[in-house]
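I opened the model today to look up a few places in turn, and I note below what I found at each of them.

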Amino acid sequence: MSAIVIVGAQWGDEGKGKIVDLITEDADVVARFAGGPNAGHTLVVGDTKIVVRLLPSGILHPKAVCVMGQGMVIDPAVLVGEIDALEARGHSTASRLFVSDRAHLILPYHPLIDGLREASAEAGKKIGTTKRGIGPCYEDKAGRRGVRAGDLRDMRKVEGLLEGALAAWMPVLTGLGGEAPNVREILAWLEPLAARIVPLLADTSKLLNEALREGKRVVLEGAQAALLDLDHGTYPFVTSSSAVAGGACVGTGIGPTRIRRVIGIAKGYATRVGEGPFPTELGDEIGERLRSVGGEYGSVTGRPRRTGWLDLPALRYAARVNGLDALAITKLDVMTGISPLRVCVAYDTPTGRTQDLPIDELATATPVYEAFPGWTEALAAARSLDELPGAARDYLKLVEASVGVPLDMVSVGPRRDETIVLRDVFA
Ligand code: IMP
C-alpha cells in the first residue's frame with residue numbers, strides 16, 4: 001500500500017505536472033483531488049508541449065489509471081475537449097479514466113458570475129481569479145445546491161437542480177447586471193456532454209482503496225498550492241478548494257492512514273499569478289529575466305506571472321501545513337546567470353523579527369534577505385548533485401537545511417529526463 005501525495009508548496013505553477021508525470025512512470029494510478037480547469041499542468045514530451053487543465057498529469061502514461069476525485073470541480077465541456085485533444089494526438093484515455101460521481105460540475109453560470117464579479121470588484125478587492133467559475137461552483141457545493149457528475153445519469157434530476165441553483169443565483173446575477181441563464185439552453189448544451197461523461201463515472205473512493213489494498217502505487221496529484229489554499233493560504237486571495245495534502249484525503253476518499261509520503265514542489269525562486277500579497281516580488285530586470293527565461297506566463301490565462309526571490313519562511317509554512325516529507329525543487333536552470341541570489345530568510349514585523357511566515361500580516365511585514373553567490377553554468381545535463389556547480393549545490397543545501405525537509409528531486413530543465421532524482425519515492 002503506498003499513496004504518494006504531491007502538492008504545490010508556494011503559490012502554484014511550481015511544475016507539479018512534470019514531477020507527477022515523472023513519478024507516474026512507476027505508478028499504477030494517479031488521481032487529482034482538488035481544483036478544476038484553473039490549473040494548467042504543462043507536460044513536455046520530446047519537443048511537444050501538452051497542457052492539461054483537468055485531467056491528471058499522469059494521463060500521458062498509457063498504463064496509468066487516471067482518476068478525477070470528488071474534491072474536483074469539473075467543467076464538462078473542458079473535460080470532453082481535453083479527452084478529444086489527447087485522442088487526436090494519439091494518447092488514448094479509453095477504459096482508464098474514471099470520474100468521481102460526487103465531483104461537482106462547473107456549469108455556464110459559474111464562469112459568468114466569476115467574470116462579472118471580477119469585472120465589478122473595486123480596486124483592492126479583485127482576487128484576480130482565472131474566471132473559470134471555480135469559486136461560484138464551490139459556493140454551490142458548500143451551499144448544498146450543486147450539480148454533481150453522478151447527477152448526469154438522470155437529466156430530469158439535473159433540470160430540477162438547475163432550477164434550484166439558478167433561483168439562488170438570480171439576485172446575484174441581476175445585481176451584477178448579468179442576464180438570466182436559460183435552463184433549457186443549459187440542458188441542451190449538457191446532454192451531449194453527459195453522454196460522454198456518464199460512461200466514465202465511478203465510485204472512485206472505492207476504486208482507489210481497492211487499488212491500495214492490492215498493493216498498487218497511487219499518486220495523489222494536487223493543484224494550486226499551500227499559499228492559495230482556502231484555509232491555509234493568503235485569504236481572501238486564495239482559490240476555493242483544499243490544495244494542501246490534507247485535501248488529498250478529503251478529495252479522493254482515502255483515509256490519512258493510507259498516505260505514505262507527501263512531496264512538496266517548489267521552484268528555486270517564487271512566482272504568483274493573480275492578486276494578493278507577494279512580499280519577495282521583484283519589479284526589476286531580475287524579475288523580468290526570471291519571467292522571460294522561465295516562461296512565467298499563466299498556462300490557463302496567459303497572464304504574466306509575478307516573479308520574486310525564494311521565500312524560506314513561506315516554504316517552512318508550507319512544510320508545516322502539509323507535513324512535507326520531501327521537497328522537489330524545480331526550474332533551478334532558470335536561475336543560471338543571476339548573481340548574487342537573494343533569499344528571504346525571515347520577516348521584520350511591528351512586533352519584531354520572526355522566522356515564521358506572518359501570513360495574515362504580510363502587508364506590514366518586511367522580508368529579511370541574505371545574499372548568496374549564483375552560478376553561470378548550464379544545468380540541464382546534470383543527473384546528480386555532483387554534476388551541479390558548487391554554488392547551485394550550496395543553494396539547494398541551504399533550502400534543505402532551512403526548511404528541514406530533504407530533497408527528493410531537482411528539476412534542471414523542462415523535459416522529463418532533465419531531472420536529478422535523489423530517491424525512489426515508492427521505495
Ligand atoms: P480561482 O481559483 O480561479 O478562483 O483563482 C483564485 C486565485 O488562485 C487567483 O489568484 C488565481 O490566479 C490563483 N490560481 C488558481 N489556480 C491557479 C494555478 O493553477 N496556478 C497559479 N495560480 C492559480
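I began with helix 10 (residues 312–322), which is mostly covered, since eight of its eleven residues are buried; buried here means under 20% relative accessible area, with exposed over 50% and partly exposed in between (1.4 Å probe, protein chains only). Helices (H or I, at least four residues) and strands (E, at least two) are DSSP runs, numbered from the N terminus. This is a predicted model, in which local features need pLDDT of at least 70 and side-chain atom pairs count only at pLDDT 80 or more, while totals for chains, interfaces and linings use all residues. Residues are numbered from 1 along each chain as its sequence is written, and side-chain values use heavy atoms, with hydrogens and water left out.

I listed the buried residues of helix 10 as Leu312, Pro313, Ala314, Leu315, Tyr317, Ala318, Ala319 and Asn322. They pack against several elements, including strand 1 (2–8), strand 11 (259–267) and helix 11 (390–403), where contact means heavy atoms within 4.5 Å. Just after helix 10, I found glycine 323 with a positive phi of about 60 degrees.

I then turned to isoleucine 83, which lies in helix 2 (residues 76–88). Isoleucine 83 counts as buried because its relative accessibility is 8%. Leaving out residues up to four places away in sequence, I saw that isoleucine 83 touches Leu55, Thr93, Leu97, Arg196 and Leu200. Leucine 55 is 28 residues from isoleucine 83 along the chain, and their C-alpha atoms are separated by 8.2 Å.

Last, I looked at the ligand, which 16 residues surround, the closest being Asp13, Asn38, Thr130, Thr239 and Val273; a residue is near a molecule if one of its heavy atoms lies within 4 Å of it. The shell divides into seven nonpolar, seven polar and two charged residues, where Ala, Val, Leu, Ile, Met, Phe, Trp, Tyr, Cys and Pro count as nonpolar, Asp, Glu, Lys and Arg as charged, and the others, Gly among them, as polar. I noted that a polar side-chain atom of threonine 130 lies 2.6 Å from an oxygen atom of the ligand, and that a polar side-chain atom of aspartate 13 lies 3.0 Å from a nitrogen atom of the ligand. The protein covers 97% of the 470 Å² of accessible area that the ligand has on its own, by the Shrake-Rupley method with a 1.4 Å probe.

Note on methods. Polar contact = N/O pair within 3.5 Å; in protein donor to acceptor, adjacent residues only side chain to side chain.
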